[in-house]
Structures are given as structure tokens and as C-alpha cells.
Amino acid sequence: MCRQCPVVDWDAAFATIAAFGGVANVGGVMSDMIVWYDRYDRDEHKHRVGGKNASLGELMMADLPVPPGFAVAIEAYQLLWRNPDLGHAINNELRDIDHLDLAGNIDVSTRIRSYIESEPMPDEVVDAVGASYDALCTFCDVSDLPVAVR
């Protein structure tokens, strides 16, 4: 369906920045870890937020209907690697990998994922994401806003 479809009232159906009067400042804090789509800058942010988030920021800057939101930047991910034991454990798994052993590679991948998932999220990241989510909820006037995580 296109935006012109008479069956769907797009502005009522989807809370986009356009529904709030165009590209507006959501009010959340930009930081090393958080990039808001409404303040996205291609030169400054594209390499920090990944392709999907960069596309959302660029679409918003082009005044296309994009829900308000933010990206968690690579700097947040890099904080996870402050624990040298995590890197050592993963490197040990990768060191002896047999690229022809599919079943063995799946096992290695599962163990690596387990290492990463068991690593506690740094408090700085938890605080930054929490504050940004609160700002988004306030902006949208929804106390428990459902969001998409990419």
C-alpha cells in the first residue's frame, strides 16, 4: 500500500516525526553512545551507527515518514570489550577453528555467543539507553512505548 491509500489514515496509524510537525528535536541527549535520528549527520554518524540506523537517519533528514528514535552507537558496543578475558576467550575459540567443519563451527559460534551474552552490559550503556528511551516515551506521550530494536 502506498501512503496515498484511502483505506489507511497513515498519520493516525503510525507515530512518525511528520505526525509531530516535521523533523523536530525529540529532546534526548546526543552522546558518544546515542545518536538521535532527528539530529543525524551523515559525515559524523554513519560510521558509528551501522547501515540500517544510518538509513533511518538519512530518511528522516529527507523528511520521509520515519518513527522517532535513536541508535546505539559503536562506542557502546566497544565498552563491552573492556574486559580482556572476553577477548581472550573468543580468540581462543577462533584460534583453532576448522573452516571445513560446519558442525564444529556452529558449536564454536554458540560458545562465542554465550560468552558475549553472559558479559554484563556496562552501566554507562544501560543509563544512556534508559534515558534515551524515557525521552522517546515523553516525546511520544506514551509511558511504555513499543520500539523496534535493530
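Q: Are Glu 117 and Arg 113 buried or exposed?
A: This is a predicted model, in which local features need pLDDT of at least 70, side-chain atom pairs count only at pLDDT 80 or more, and totals for chains, interfaces and linings use all residues. Residues are numbered from 1 along each chain as its sequence is written, and side-chain values use heavy atoms, with hydrogens and water left out. Buried means under 20% relative accessible area, exposed over 50%, and partly exposed in between (1.4 Å probe, protein chains only). On that scale, Glu 117 and Arg 113 are both exposed.

Q: Which helix holds both Glu 117 and Arg 113?
A: Helices (H or I, at least four residues) and strands (E, at least two) are DSSP runs, numbered from the N terminus. Glu 117 and Arg 113 are four residues apart, about one turn of the helix. The helix that holds both is H5.

Q: How far apart are the closest N and O atoms in the salt bridge of Glu 117 with Arg 113?
A: Side chains of opposite charge can pair when their charged atoms come close. A salt bridge is a side-chain nitrogen of Lys or Arg within 4 Å of a carboxyl oxygen of Asp or Glu. For Glu 117 and Arg 113, the closest N and O atoms lie apart by 2.8 Å.

Q: How many salt bridges does the chain have by this rule?
A: One of them joins Glu 93 to Arg 111, with the closest N and O atoms 2.9 Å apart. Another joins Arg 82 to Glu 124, where the closest N and O atoms are 3.0 Å apart. By this rule the salt bridges number six.

Q: Where does Glu 124 lie, the residue that pairs with Arg 82?
A: Arg 82 sits in the loop between helix H3 (74-79) and H4, so the pair ties together parts that are 42 residues apart in sequence. Glu 124 counts as partly exposed because its relative accessibility is 35%. Its place is in helix H6 (residues 123-140).

Q: Is Glu 93 buried or exposed?
A: Glu 93 in helix H4 and Arg 111 in helix H5 link distant parts of the chain, 18 residues apart. Arg 111 has a relative accessible area of 37%, so Arg 111 is partly exposed. Glu 93 has a relative accessibility of 14%, so Glu 93 counts as buried.

Q: How are H4 and H5 oriented to each other?
A: Helix H4 (residues 84-95) and helix H5 (residues 102-118) pack at an angle of about 180°, with their axes 10 Å apart. Axes are lines fitted to C-alpha atoms, for helices over the stretch in contact, and angles run from 0 to 180 degrees between N-to-C directions. Angles under 35 degrees count as roughly parallel, over 145 as roughly antiparallel, 65 to 115 as roughly perpendicular and the rest as oblique. H4 and H5 are therefore roughly antiparallel.

Q: Which residues of H5 meet H4?
A: Contact means heavy atoms within 4.5 Å. From H4 come Leu 86, Ala 89, Ile 90, Glu 93 and Leu 94. Their partners in H5 are Val 108, Arg 111, Ile 112, Tyr 115 and Ile 116.
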